Amino acid sequence: MRVLQVIDDMGLNSGVSSMLLNYYKYIDHDKVNFDFMVYNTVSDDVKKYCKRNHSKIYEVGPLSGKTILDGTLYKKVEGVMKKYAQKYDVIHGHESNTAFIYMKLAKKYGIKNRIIHSHNARGADGIVKKVRNFILNRYGLKYATNYCACSKKAATYLYGTTNHVTIINNAIDINQFRFQPEVRNRMRKKLGVENMFVVGHVGRFAPQKNHEYVIDIFWRFHQKVCDSKLILIGDGELMDKIKQKVSALHLNAAVLFEGVQDNVNEYMQAMDAFVLPSMYEGLPVVCVEAQAAGLSCVVSKEVTREVKITKNVKFIGIDNKHAVLQSTAQPNQKDIKDWVQELLKIRKTRTVDSRKACADSVVKQGFDIREQSKKLENYYIKLSNRMKD
């Protein structure tokens, strides 16, 4: 059977993309295979990988207010549905705010199983976008037959309930992230961070991820621990502003901007602690990965508690006003000190040896992609068979 996955982006800078491609890699393609309808341009490497697995990619983007209002996006999506809908037993949409387009057309052209998947616990960064997405989401849900979510918090945000919602864990390849001392030593030497305490963050440079807060935390921590480094992995529209802030705080030598990487697992081996002061999340894949790597994670209270799948997660509050990037260089937020104190505690108490057993704990909590991909296969197959009965 074939499933049409609808997603904004298939790049390495997207948590939703990472989750979906993890499942795609490990699902049994002889039983269930994916095709993809994508808004953003897909890289040649991803295209080649999909082609090897006999999967099609329909690029219908870009997604913007203009392409929605002038009907361009609708026409492109309809072109795909009209020609190919009969091939699919299931459509699985990961973009709820455009489901009013693709779910409506999927129903029109005969795809009987229509899944909407909630990946976030809040709609957008700005009030206007929040209101817009609320309206669009309500309209799109009318055409779905099934609801999925990455967490109970994400389910409640989009559907108003957890009833009749299937939770699909943001599972990962545990073996890739399992702690390996030899990889840690190699990466720390390569990065020039030997004999240093390394704080890490992975995420696109967007308001949701709260990079300014990351820098403020590290600025104060670095004042207390001069032999420390901050590694930032990702890219995005706010990167230049964050670099300016780093420069204004005279942190250039202590902060490594590593861009988008395809070996995040190896970078995590080199880290000693992971910070995630996000303004909102569904269930962040990067925090699952960090825990599998044995890292102590300091996480915003705005992130769902469901992400605590090991004992190595500490939730601390943030100042929500921090979501707007400020022009002032030096921070004065009182709650920053709690983050700094937690990092100081981690530096004092955690050992490298304590990281080795963490991956097994993540497996026990149901986040191993090999096991979870089988569950997703069965979920799709049951839906398809139900419609045939």
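Trainee: Before we start on this predicted model, what makes two rings pair?
Mentor: Rings of Phe, Tyr and Trp (its six-membered ring) pair if their centres lie within 6.5 Å. Planes under 30 degrees apart count as stacked, over 60 as edge-to-face and the rest as tilted.

Trainee: Great, and how many aromatic pairs does that rule give here?
Mentor: The count is 13 aromatic pairs. Take Tyr-24 and Phe-36: their planes are at 90 degrees and their ring centres 5.1 Å apart, so this pair is edge-to-face.

Trainee: Where do Tyr-24 and Phe-36 sit in the fold?
Mentor: Tyr-24 is in helix H1 (residues 15–26), while Phe-36 belongs to strand S2 (residues 33–38), so the pair ties together parts that are 12 residues apart in sequence.

Trainee: And are Tyr-24 and Phe-36 buried or exposed?
Mentor: Both Tyr-24 and Phe-36 are buried. They also belong to one aromatic cluster, together with Phe-34, Tyr-49, Tyr-379 and Tyr-380.

Trainee: Nice. What about Tyr-139 and Tyr-143, how are those rings arranged?
Mentor: Their centres are 5.7 Å apart and the planes meet at 85 degrees, so that pair is edge-to-face.

Trainee: Switching topic: which ring does Lys-243 lie over?
Mentor: That would be Phe-257, with Lys-243 over its face at 5.4 Å from the ring centre.

Trainee: And what does Arg-305 do?
Mentor: Its charged end sits over the ring of Phe-315, 4.5 Å from the centre.

Notes. Residues are numbered from 1 along each chain as its sequence is written. This is a predicted model: local features need pLDDT of at least 70, side-chain atom pairs count only at pLDDT 80 or more; totals for chains, interfaces and linings use all residues. Side-chain values use heavy atoms; hydrogens and water are left out. Helices (H or I, at least four residues) and strands (E, at least two) are DSSP runs, numbered from the N terminus. Buried means under 20% relative accessible area, exposed over 50%, partly exposed in between (1.4 Å probe, protein chains only). A charge sits over a ring if NZ of Lys or CZ of Arg is within 6 Å of the ring centre and within 35 degrees of the ring normal.
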